Amino acid sequence: MGNWKIYLLLVCLFPLPAAASGYFERLGWTSQDDQIHKLVHYPDLLEQIYQDNGDQLIWYDLQLGSNLEFRLEVIQRAGFSPLFTRQLNFLQYYRKSNRWYEYDLLATDTLILYLNYAEKAKNEGRYWFFEQKLTEPLTPPLESTIIALKRAVASQQLAALIDTYTPDNDSYQRLIDTYLNLVRYQKNYIPRYKQTGLKRVGDTLDDRNLLLERMSIVDVDLSDVRRDVTWYDASLEGAVKQFQRLHGLKADGVIGPSTLKWLNFPIESRLSKLALNAERTRYWPTERDTIIVVNVPSYDMKYWLDGEAVFESKVVVGRKARPTPVMRTNLNALILNPTWNVPWKIMVEDIIPKVKRDPSYLSRHNFEILPKWGSPDRINPQEIDWASVNPKAFPYRMTQRSGYQNALGLYKFNTPNARAIYLHDTPSKGLFYREQRAFSSGCIRVEHADVFADRILESQGISAQQVSESRELSNKAIPLRQRIPVHIIYQTAWYEGGKTHYREDVYHLDNLASGKG
């Protein structure tokens with residue numbers, strides 16, 4: 001397709017914003033009907049920058065333009081911003097057409113947009129990465145950003161400026177390194193690996209070389225794998241287990257459906273996952289001073305104290321119908337032997353239907369019925385005609401007494417927030433042995449909650465002796481002397497222990513960002 005046809009296609013696919021000023025027409029860089037006037041988002045600022053630069057081109061270094069275009073390519077591949085996709089497509093068109101005046105203006109304007117995005121992603125990234133795509137021009141950037149941009153233009157330090165506004169944390173850089181390494185596989189067609197049934201050590205393999213090639217895509221260490229055999233030998237088992245661990249699978253060395261799924265995961269999809277998760281690091285906390293981080297797709301939690309990881313555990317998160325949200329909150333108290341005030345939705349959708357089938361359910365699980373929250377009175381469940389109850393019209397409230405059967409277990413880690421999401425113990429310990437652990441109604445169940453509680457109390461200078469008298473009390477709150485930030489994140493690819501790890505998009509939020517959901 002010719003450049004002019006590509007240009008017309010871009011204009012049709014991407015609606016254009018309002019027209020810019022005629023300043024660049026007077027310079028002779030553009031004509032009155034040039035579409036570049038409708039592409040720029042900051043015309044007044046653009047005019048200031050070029051006037052201060054003596055009406056000279058800024059992007060005369062092709063390597064500098066490639067630097068910007070690569071940052072835009074990552075955002076485009078991440079899939080959450082049609083706005084940046086349009087800007088990149090037009091930049092590439094102008095470059096390939098040798099239309100350098102238009103390229104220069106659009107590159108400068110798009111750089112402003114990029115700097116603006118980088119500043120705002122720290123606080124607003126959750127909306128773009130998980131809720132709504134970035135489609136509209138952002139409000140004018142901060143004055144400090146404008147000053148930094150003008151200084152970079154004057155000193156010809158735009159590359160350094162781009163680097164300054166690109167995450168320098170290790171998580172971002174490692175994901176980008178993996179992205180660049182994976183790009184080279186795009187040009188080489190690698191067939192899907194197929195097999196019949198399960199494969200384990202001692203079994204024959206239809207195409208061992210293809211299996212190794214598929215594993216090498218994710219940088220599995222194959223240095224100890226023998227190359228002179230065609231079956232599944234012991235030397236291959238370690239590589240398969242490593243591949244499984246990198247994808248959150250049970251590392252049993254058995255090649256089954258889940259392992260096959262990840263072996264054949266499309267390269268394009270991996271690149272999108274890497275790009276999206278790299279951009280998400282702009283929003284996540286980078287400091288690991290004192291903080292609790294729960295990563296939903298990896299079903300795990302880490303607690304850092306003074307920069308050191310002092311506790312790590314598996315967690316159970318919300319099921320797909322009731323997902324655990326991405327959020328920031330603070331842990332302010334430990335509650336021993338908590339009671340559970342049943343949320344209305346859970347009462348209506350879960351508990352009442354069970355009671356209608358089995359009226360003894362409430363007594364067996366220590367539930368009580370209240371006229372309203374805070375009331376000392378209790379209603380006898382035997383006086384209710386459960387067969388005729390309409391769950392959505394049920395006029396009462398339910399609470400569960402403390403104890404080992406309580407849904408919150410023996411510990412609740414209180415994190416006040418509008419969504420009533422908190423961390424807690426659970427009597428259902430067996431769920432922690434599952435690979436996929438999305439079973440809760442939104443709150444986060446913590447394995448080894450007793451150890452977690454002790455770590456927190458120790459870090460707060462609260463001794464076990466101070467707490468011992470409260471161990472038998474019901475719903476006893478122990479306020480923390482210092483609140484601990486809690487970040488619930490959603491990272492389906494990350495770098496750890498020298499390798500890039502991948503996880504299933506349990507809530508389809510990656511697909512939402514890329515438009516595939």
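## Model and confidence

This is a predicted model, where local features need pLDDT of at least 70, side-chain atom pairs count only at pLDDT 80 or more, and totals for chains, interfaces and linings use all residues. Residues are numbered from 1 along each chain as its sequence is written, and side-chain values use heavy atoms, with hydrogens and water left out.

The protein has a mean pLDDT (the predictor's confidence in each residue, from 0 to 100) of 91. Of its residues, 94% reach 70 or more. Residues 10–20 fall below 50. Beyond near neighbours in sequence, that stretch has 28 contacts (heavy atoms within 4.5 Å) in the model. Where pLDDT is low, predicted coordinates should not be read in detail.

Three strands form an open sheet in the order β5-β7-β6, with antiparallel pairing. Strands (E, at least two residues) and helices (H or I, at least four) are DSSP runs, numbered from the N terminus. Two strands pair if DSSP finds at least two bridges between them. The edge strands, β5 (340–341) and β6 (367–370), each pair on one side only. β6 and β7 (residues 397–400) are joined in the antiparallel sense over 4 bridges. I369 stands opposite M398 in β7.

Helix α15 (residues 344–357) lies across β5, β6 and β7. The helix runs at about 80 degrees to β7. Axes are lines fitted to C-alpha atoms, for helices over the stretch in contact; angles run from 0 to 180 degrees between N-to-C directions.

## The largest pocket

A pocket is an open set of points on a 1 Å grid over the protein atoms alone, with protein on both sides within 12 Å along at least five of seven lines; lining residues have an atom within 4 Å of a point. The largest pocket holds about 940 Å³ of space, a volume filled by probe spheres set on points joined across faces, edges and corners. Its lining has 42 residues, with W340, I346, A407, S441 and R445 nearest the centre.

β5, α15, β8 (411–414) and β10 (438–440) each give two or more residues to this lining. α15 gives the largest share, 5 residues. By class, the pocket lining has 19 nonpolar (Ala, Val, Leu, Ile, Met, Phe, Trp, Tyr, Cys and Pro), 8 charged (Asp, Glu, Lys and Arg) and 15 polar residues (the others, Gly among them).

Terms used:
On a 1 Å grid over the protein atoms alone, a cavity is a set of points where a 1.4 Å probe fits but cannot get out, and a pocket is an open set with protein on both sides within 12 Å along at least five of seven lines; lining residues have an atom within 4 Å of a point.
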